[in-house]
Amino acid sequence: MRCKVLLCFTLLTLIKHVSSSEIQVNPNANATLPCHATTPQPADQALFEVTWKRNGSNIASFSKAQMQIKEGFSWITEDFIRGNFSLNIIGVSFYQQGVYECTIIYNFTILHSNNVTIFITAPPTLSIPEQWVVLERESHLKCHASGFYPPPVSFSWTKDGKDIQPASDTDGEQGPDGSYTATGNLTFYPSREDQNVTFGCKVSHYSNHQELDFQLNITHLPSVRLSVLQSHSDDVPLILYCDVENFYPEEMILSWYQNGSVLPDVPDSKKNPDGTYSTRRYYTLSTEQRELGGKVECAVNQPGVVHPVRSSTYLEKWQPQDEPPVLTKSAKASVAMMCISLVLVFLLCFGFSWRRRDEKQKSLNVSGIILPPRVIVGQKGRVTVSIEGRRVERVQTTWFLNDTPISDTSVAASEKGPLLPSRGKMGYYKLHTQAPLHSTGRGSQQLISSLTFIPQISIHKGVVFKCQVSYMGKDKIVVERVSEKFSILSAPEVSEIQLAETQYDSDIISMTVRASHFHPDIITFRWFCQGGELSPVASQASSSPRPNAEGFFSAFSQCKLPRSELEKGSTKVWVSVHHVALKQPVTRETRGFNKRPSVSEIIGSTSSSDQILTLGCEITDFYPPNISVTWLKLREGEQDDREEELIEGGEMWGPLQTHPRVYRATATLKRKPTNQEKKERGAGIMCRVEHCSLREPIVRHWRNAEIVAPSIPPLISVCWSSEGVGVFSLLLKGVQPKAKLLWAAGGPTLSPLVSSETEEIGDDGQRELKSVCALEKSTGLQHQATKQPDRQKSERAIKTETAVTDPDAEGIEYIDEKVDGENTDTDRDEETKSDMDEGSDKDMEEDPGALHINRVNLSRSSKENERARLRVCVEIRHPALKLPVYRTWTEPIEEISS
């Protein structure tokens, strides 16, 4: 026995509790998850039970010298006896990130348990694919960041080391391998000063900060002019030349087109004093090409230019003309028609411009819907739309929640009025329209329309606001704006830390903190102990709790520590709760191990000599010993009692240490009640106990009621019938309040019985409590169990009032006569007996005055062929009795032998 105790003590000293660590690795790298424990020496490998889990699923396990491990993981079981239980991951992928839990058991004792968090970090790779921009034209630069993890990354742009665009975060898109790719954009108009200037793309990531510098290649667009060398005949080739001036860089491609078809060319260019280039390109059209006629173009393509610069002419314009043209009548008519057409076109353009001017005066510039920065449940929020134009005084706005119109409920509802009739829910809305203000634009005014509301999760979760702008008296909607979906926030209500012993190990204390009434469901608990962070156990915060009927979420987190640490008194444990609705984390802390006190009911007694009322209650099983007791007086009335603190008469004996870390105390109150208090039967006194382990005080009530000890007879009255049915009765007098009686009967062991109690006022004016119990003794023989149906029925029912008040009443004699008249028929089988038992039970339910017949089986001794003596006992409990009072009746020996 001493060896077993020594072995258990040795194993308990080796127990290590939960710890946690984090490992950061690169993608596809090998990683080792550490798990070390001190093992007994020498150690038997077959007694080890080792498990590695991730997100609740087994990764590797070792039990009874048998191993199971998933692909991609490995460990060395020979190192177990040296205390090394580490797990290796071969080629860590993005999908193997998470929290791994290691548990080590040796000979059914937990040696160690720890959590290892592994996560991957990969820096981004930067590239700028296109660096050509066009001078004084809108240009776009892109900076690609690829292969990074985790998101997000932040992009910013610099020029000669100075920021030209602030940083902006982006998550990017996740690729098939789990890494992310993101793109940063810069839109600007290059100038001549940007030539040879160093630009930079800065990317910030969790792993590092990078910057990629580059210089712009600026393209200067040329001026292009196409000319033709005149010829006097169509039968000779036509020489064209194209002047291209002031372009950069020198590399350019000049192409010739005829009717959309490309013509070949030979390049030739010269450099200008300003650094640009010029060239003249010639092209000779053959006679066949001249005969084709049509449009001839000179197109210039340059690096970074999407659309080439063009110059064109028509060959018909350059046909040789030997004689001045003479207009015919048809030509003159065509010219006249053209002039008329030009006049009509002018008039149409003038009318169109006038209409555009009128519409411009009516045009409105409507902003997007501006949402509040934080939408918090129960706090007012406002959405706003700004409208600018020349006739805003005639503008009206209509607000919608999704597609349902919103009306102003602030006056009728008083912040609790009806929201939407179609939904049947409640809400608060107030519409605001600010008078037209003069804007910065010439002749323009500004109108601001806003909507104030009180957010509710059941109403506003996942909805959008719509604002329709129209002119008064017109149904046409000019502009409609739709807001983005917004998140509704509700800060969590955090409880105090509750301490309790664990179910299977009283030396381990479980600390629990609960958060409720929060939204959204993402919440974080962080435990700390004297500066070191702990690992939460059985936390519900990392999962997705289901919302309650109002849409709010609840979660809890637990942390376990050895009782010895908490009992030091100096060990400080605290938990911080983080949530997006909280500006600062909520902190709860505890110091030491507290035990909740148990408070008994108030017991009162009155001294007969001086009429001093003494009240007292026991306070047990609490720790630490600091405890507060307050006595309060209650006025008459059950509801809304008024309290009045008692200044004098309250005393407390203790606290007294009964066990290590366990105390008890007794609170007493001595006072002489006034005549008015004696008349107030409903009034009373309240004892309020306050302790650091209680969130709310424990309250015990004592009502002003007289307590009178009962007068208990020394013996139990008993009366037997000829068939073995006995009626036992006990009469208590002067009892106030009602006493509790429990009957039991049997041989060596007793079984509880069913009894019946009645209260009434006796002839002497005292309150009497009558308790009666009927039972039938049986030895379990077969022939005694087979009775007539009428006999069974008669055995089951005895009139209670008569049997109790008078043992010689007709109820007892009726049983004897009925049974004696039916002793001749004893051939009923067991099935008939069971049917009669059911019938008798129904009769008892139908007759509330019937007395239940209890059955007591007394076994016979196999050697002496004698059954045990019957004992009937009754227990009496009453507030005036410090201990229960017992009365017992024992069957005489003569009756056993007979």
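Predicted model: local features only at pLDDT ≥ 70, side-chain atom pairs only at ≥ 80, totals over all residues.
A search of the whole structure finds three disulfides. Take them one at a time.

**Stop one.** Select C35 and C102. A disulfide joins them, with an S to S distance of 2.1 Å. C35 sits in the loop between β2 (31-33) and β3 (48-54), and C102 in strand β8 (residues 98-106), so the bond ties together parts 67 residues apart in sequence. Now look along the S-S bond. Its torsion is about -75 degrees, so this disulfide is left-handed. Both C35 and C102 are buried.

**Stop two.** Move to C143 and C201. Their disulfide has an S to S distance of 2.2 Å. Here the partners come from two strands: C143 from β12 (residues 139-148) and C201 from β17 (residues 198-204), 58 residues apart. The S-S torsion is about -95 degrees, so the link is left-handed. C143 has a relative accessible area of 0% and is buried. C201 is buried too, at 0%.

**Stop three.** Select C242 and C298. Their sulfur atoms lie 2.2 Å apart in a disulfide. C242 belongs to strand β21 (residues 238-247) and C298 to strand β26 (residues 295-301), so parts 56 residues apart in sequence are tied together. With -95 degrees about the S-S bond, this link is left-handed. Both C242 and C298 are buried.

**Step back.** Show the three disulfides together. Counting bonded cysteines along the chain, the pattern is 1-2, 3-4, 5-6.

**Last stop.** Is C349 buried or partly exposed? Its relative accessibility is 47%, so C349 counts as partly exposed. Finish at C873, which has 14% relative accessibility and counts as buried.

Technical notes: Residues numbered from 1 in each chain as written. Heavy atoms only, no water. Disulfide = S-S within 2.5 Å. Helix = DSSP H or I, 4+ residues; strand = E, 2+ residues; numbered from the N terminus. Buried < 20%, exposed > 50% of the residue type's maximum accessible area, 1.4 Å probe, protein only.
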